[in-house]
Each structure stands twice: as structure tokens, then as C-alpha cells.
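Please keep the sequence and the model at hand while reading.

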Amino acid sequence: MRKIAVAMGLLAATTAVSFAKPDLSHIQEVLGGMKVEKAVPSDVKGVYELYIEDVNLPLYLSADGRYLIEGQITDLVNRVNLTENRQNTIRTNALDKIDVKDMIVYPAKGEKKNTITVFTDVNCPYCKKLHDEIPKYNDAGIEVRYLAFPAIATKTRMESVWCSKDPKATVDAAMHKRAFDTNVKCTGQSPVEAQYQLGMSFGITGTPNIILDNGQMIGGYVPAAELIHLINSTEK
């Protein structure tokens, strides 16, 4: 979100130049060197979808390269939020790039039918409520995958959980305020920092934050029975 705010400020402070079609080299310069990967025609005439490296939120660009647009585009005829659909795809593509070894995973019992990816914080009370309901998800054939998002807990505390010898046991201890070794350090690049930055790029500001298989993001705690019903309904 901060990258987008900076980009919008830079664009506003730059003299507008007209183009027959989007000039990506110019846009990249205006955005302070952020890498513009491509611009593809959107469903709206004269508006392009802009793909910027490490920015996991949809942005749009006018065909003349003058206007950068941040917001929702809805097809009123088909009653489809085009921006939300693209955002869902962006999220699933980004999550697919994460090494499962850097997650804390609770496999489904029997056949895996669905997966939920949860940005969590061990000091978050509503994260604990979700954590205690993991068996209900697993029994329903839903795998639960944790990503770290230290919104309340410090990154150091979260790293002590993620990089412990037994992350599942440690996250359970942390959620239930039992003692665990808080002096554990991650070797090499911290998965907590990388996951936190990913969450920020999705626009996440709090926990728990749940992402379904189709990329739909649900902010906040939802009772297991209600979310399982939603997941099953989404499948149909």
C-alpha cells in the first residue's frame, strides 16, 4: 500500500505527457524506478491493467499514459467486479510462489478438498479462536496453512515460533500463553519478514486474514462452521 501511495504522489508531481499507447519506460521513471512488467488492455476501452513488480494490488493506466488509476472497476451489465477477480488471481499467484516449508501447515484428514491460507499473529486473540478450530477444518477436508503477520506480536517473537524445532507445538504454546523459547533465531532470510511484506502488499493490516483457494480474502475471524459453509458454497 505504501508503494502505491508513493507512486501516486510521484505521478501527481510529474508533468503529464501524452502517448498513443502506454509508454512503460516513462511510467517506470515516473514511479521512481519501480519495475513495470506489462500493461494489457482491460475490459474498459482506453484503460490498461498495469502490472508492477512486488505490487500485489490492481492498478490501471489510461491509454495515453497520463492517468494512473487505483480503484474498483465493476461490469454493471454482468454484475461482476473485474478488479476483485483480478485481485484474487494476483493473490493465488503470489501464494503459489511461497515454499510450503516456510508455512506452518495443518493437513486435512483424509482427502484434501480445500485449503485456507491464514495470515496469523500469535498474540492476536481472534487468531487463537481460529487456531482452536483447526480440527473442525481438518475434519471437513480443509488444509490450514499459516503465514506470519506480526500485527501485535513482535517480529522477533514470531520468528522464535516459525524457526523453532517444532513450529506446530510452539505456535500452540504461544497462542495459549504457555512458555516457549523466545531466543530462537532464524538462519538466513527470515520467512516472517517475507510473509509480513507479502501481507502488506495484499493490503492486510490486521489478523486473522484468510485467503481461500480462489484468492478471495476474508478479513477477520469467522466461525469455522460459517466459513466451511462458505467454502463449500463457493465450490458449487
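## Exposure and the basis of the model

A residue is called buried when its relative accessible area is under 20% and exposed when that area is over 50%, with partly exposed used for what lies in between. By that scale glutamate 193, at 29% relative accessibility, counts as partly exposed. The model discussed here is a predicted one, and the values that follow should be read with that in mind.

Four strands form an open sheet in the order β1-β2-β3-β4, and their pairing is antiparallel. The edges are taken by β1 (36–41) and β4 (68–69), each of which has a single partner strand, so one side of each is left without a neighbour in the sheet. Strand β3 (residues 59–62) is joined to β4 by two bridges, and the two strands run antiparallel; within this pairing, tyrosine 60 stands opposite isoleucine 69 of β4.

Tyrosine 60 also takes part in a side-chain polar contact of 2.8 Å with threonine 83, a residue found in helix α3 (residues 82–96). Is threonine 83 buried or exposed? At 1% relative accessibility threonine 83 counts as buried, since the limit for that class is under 20%. Leaving aside residues up to four places away in sequence, threonine 83 touches Pro58, Tyr60, Gly71, Gln72 and Ile73.

In soluble globular proteins, nonpolar side chains tend to be buried together. Here the largest nonpolar core has 32 residues, and those with the most contacts inside it are Ile116, Tyr146 and Leu227. The elements that give two or more residues to this core are the strands β7, β8 and β9 together with the helices α4 (125–132), α5 (134–139), α6, α7 and α9 (224–235). A second, separate core of 13 residues includes Met103, Phe149, Leu198 and Ile211.

Isoleucine 116 touches Tyr137, Ile142, Glu143, Val144, Arg145, Ile210, Ile211, Leu212, Leu227 and Ile231, when residues up to four places away in sequence are not counted. In helix α6, the residues Met158, Glu159, Ser160, Val161 and Trp162 are buried, and the buried residues of this helix pack against β7, β8, β9, α7 (167–175) and α8.

## Salt bridges

How many salt bridges does a search of the whole structure find? The search finds eight. One of them joins lysine 112 to glutamate 143, with the closest N and O atoms 3.9 Å apart. This pair links distant parts of the chain, for lysine 112 sits in the loop between β7 (104–106) and β8 (114–120), whereas glutamate 143 belongs to strand β9 (residues 142–148), 31 residues apart. Lysine 112 is partly exposed, with a relative accessible area of 48%, while glutamate 143 is buried at 13%.

The side chains of glutamate 133 and lysine 136 meet in a salt bridge of 4.0 Å, N to O, and here glutamate 133 counts as buried at 12% relative accessibility. In a further salt bridge, lysine 155 and glutamate 193 have their closest N and O atoms 2.6 Å apart. Lysine 155 lies in helix α6 (residues 155–162) and glutamate 193 in helix α8 (residues 191–201), so that distant parts of the chain, 38 residues apart, are linked by the pair. Lysine 155 is partly exposed, its relative accessible area being 31%, and glutamate 193, at 29%, is likewise partly exposed.

## Aromatic pairs

The structure holds five aromatic pairs. In one of them, the rings of tyrosine 106 and tyrosine 146 have their centres 5.5 Å apart and their planes at 75°, so the pair is edge-to-face. Tyrosine 106 lies in strand β7 and tyrosine 146 in strand β9, so the pair ties together parts that are 40 residues apart in sequence. Both tyrosine 106 and tyrosine 146 are buried.

Phenylalanine 119 and phenylalanine 149 also form an edge-to-face pair, because their planes stand at 85°, with ring centres 6.3 Å apart. Phenylalanine 119 lies in strand β8 and phenylalanine 149 in the loop between β9 and α6, so parts that are 30 residues apart in sequence are tied together by this pair.

How values were computed. Residues are numbered from 1 along each chain as its sequence is written. This is a predicted model: local features need pLDDT of at least 70, side-chain atom pairs count only at pLDDT 80 or more; totals for chains, interfaces and linings use all residues. Side-chain values use heavy atoms; hydrogens and water are left out. Two strands pair if DSSP finds at least two bridges between them. Buried means under 20% relative accessible area, exposed over 50%, partly exposed in between (1.4 Å probe, protein chains only). Contact means heavy atoms within 4.5 Å. A nonpolar core is a set of buried Ala, Val, Leu, Ile, Met, Phe, Trp, Tyr and Cys residues joined through side-chain atoms within 4.5 Å. A polar contact is a pair of N or O atoms within 3.5 Å; within protein, one must be able to donate a hydrogen and the other to accept it, and residues adjacent in sequence count only if both atoms are side-chain atoms. Rings of Phe, Tyr and Trp (its six-membered ring) pair if their centres lie within 6.5 Å; planes under 30 degrees apart count as stacked, over 60 as edge-to-face and the rest as tilted.
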